[in-house]
Amino acid sequence: MFDYLVVGAGFAGSVLAERLAQGSGKKVLVVDKRPHIGGNAYDHYDEHGILIHKYGPHIFHTNSRDVFEYLSRFTAWRHYQHRVRASVDGQLVPIPINLDTINQLYGTRFTAFDLKQFFESVAEPRETITTSEDVIISKVGRELYEKLFRNYTRKQWDLDPSELDATVIARIPVRTNRDDRYFTDTYQVMPAHGFTRMFERILAHPNIKIMLNTDYREIEGSIAYDQVVFTGPIDEFFDYRFGKLPYRSLEFQFQTLNTDRHQPVAVVNYPNDYAFTRITEIKHITGQEHAKTTLVTEYPRAEGDPYYPVPRPENAALYRKYQELADATEGVHFVGRLATYKYYNMDQVVAQALTVYSRMTGLTRRELLGA
Ligand SMILES: Cc1cc2nc3c(=O)[nH]c(=O)nc-3n(C[C@H](O)[C@H](O)[C@H](O)COP(=O)(O)OP(=O)(O)OC[C@H]3O[C@@H](n4cnc5c(N)ncnc54)[C@H](O)[C@@H]3O)c2cc1C
């Protein structure tokens, strides 16, 4: 008899399993239909011995000290500052847009002060910001929108930015200095021995049993448990009663080259050329030293694993119907990006899982991290 069945061994399921076992002494069964733990953050060594991220590059960054300190129980870290370039007009320019992006694209020698004036002269202020197009054009004008954003977004979502919620790119930074870091969070680190090793340690408690290659429906009725933590797709849980929640997917193509470095930074975006969106050279991110290097190219797809919830008002309305059902379902806790139909970063999912645990136990954030 288990106290909890946890469906999904990604961040949401693993953190809750750990807290329930270590923090509350509960007996927990974790099931995942995939052949591995870690969910989308799973990494492994490919046939060349290079550590790769099976479901696309995952970079850990957070402003939350609680989340960072909690995960630090299970891993040492390496510092890593993420950098991205976009291939535009035959050049590789920094993303987010900064002083060098503009000077490279236009052959100018602007200072930070000039750049502020430049943005003011090209920006097209809009009275209300409702779509992603509004967000960008009101900040940097139409030309930069066309060069850097429009086609990338169309490839990624198969929708024009004018059809996508402002939230998709609401927080896009535009800098007038030369800072070319992709993130500016307080903690920007990668697990020193990879994500999977960290998950092994999160799940190592003797009260936690793990079943892989198992859809939870296969064991329903044959294994006894008291409550459920569900981190799979919420619409699937309710047998798609109100219809399917739409997701955008990706196909990852891996390629290993006989050279130790291929590109100057971890990620190069291709907004205007090719069917793929970006190429990642993973060794920049993991810090691994190896004579060869592995690249991963991302092709957006309509079908496949559910990766990105499509942020449109009708989908949010459909999710709310499922959420009402979830709220009325006793003994099942819905946690994580698939169960709450939201694009969350890893740290946000950890924070959400800790909050759910605090609700379950009545402990405060500080108390719940005590044990
Ligand atoms: C391409 C890509 C890149 C990303 N890059 C970053 C990044 O750089 N930084 C960052 O912070 N975040 C990134 N993320 C987000 C990150 O992947 C998520 O925040 C995190 O993985 C969510 O964890 P989760 O536990 O909610 O979901 P998941 O990791 O998806 O775990 C859910 C698990 O549930 C299992 N499951 C589902 N249904 C069932 C069932 N019926 N029975 C049994 N098991 C089931 C699944 O197999 C899966 O393992 C990225 C996401 C994508 C798609």
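What covers the buried residues of helix 4? Helix 3 (99–106) and helix 5 (132–157) are among the elements that do the covering. Keep in mind that this is a predicted model. Here's a quick tour of that helix, a pair of strands and a pocket.

**Helix 4**
- Helix 4 runs over residues 112–122, and Leu 115, Phe 118 and Phe 119 are buried in it.
- Look down the axis of helix 4 and its buried residues fall within an arc of 95 degrees, so they line one face of the helix.

**Strands 1 and 2**
- Strand 2 (residues 28–31) is covered on both faces.
- On one side of strand 2 sit Val 28 and Val 30, on the other Leu 29 and Val 31, and all of them are buried.
- Strand 2 pairs with strand 1 (residues 2–7) in the parallel sense, over four bridges.
- If you want to spot a bridge yourself, go to Val 6: its partner in strand 2 is Val 30.

**The second largest pocket**
- This pocket holds about 300 Å³ of space.
- It's lined by 16 residues, and the closest to its centre are Asp 327, Phe 334, Thr 340, Val 356 and Arg 359.
- Helix 10 (313–327), strand 17 (332–334) and helix 11 (346–361) are the elements that each give two or more residues to the lining.
- Helix 11 gives the most to this lining, with five residues.
- Sorted by class, the lining of the second largest pocket has nine nonpolar, five polar and two charged residues.

Definitions and conventions: Residues are numbered from 1 along each chain as its sequence is written. This is a predicted model: local features need pLDDT of at least 70, side-chain atom pairs count only at pLDDT 80 or more; totals for chains, interfaces and linings use all residues. Side-chain values use heavy atoms; hydrogens and water are left out. On a 1 Å grid over the protein atoms alone, a cavity is a set of points where a 1.4 Å probe fits but cannot get out, and a pocket is an open set with protein on both sides within 12 Å along at least five of seven lines; lining residues have an atom within 4 Å of a point. Grid points are joined across faces, edges and corners, and a volume is the space filled by probe spheres set on the points. Ala, Val, Leu, Ile, Met, Phe, Trp, Tyr, Cys and Pro count as nonpolar, Asp, Glu, Lys and Arg as charged, and the others, Gly among them, as polar. Buried means under 20% relative accessible area, exposed over 50%, partly exposed in between (1.4 Å probe, protein chains only). The arc is that of the directions from the helix axis to the C-beta atoms. Contact means heavy atoms within 4.5 Å. Two strands pair if DSSP finds at least two bridges between them.
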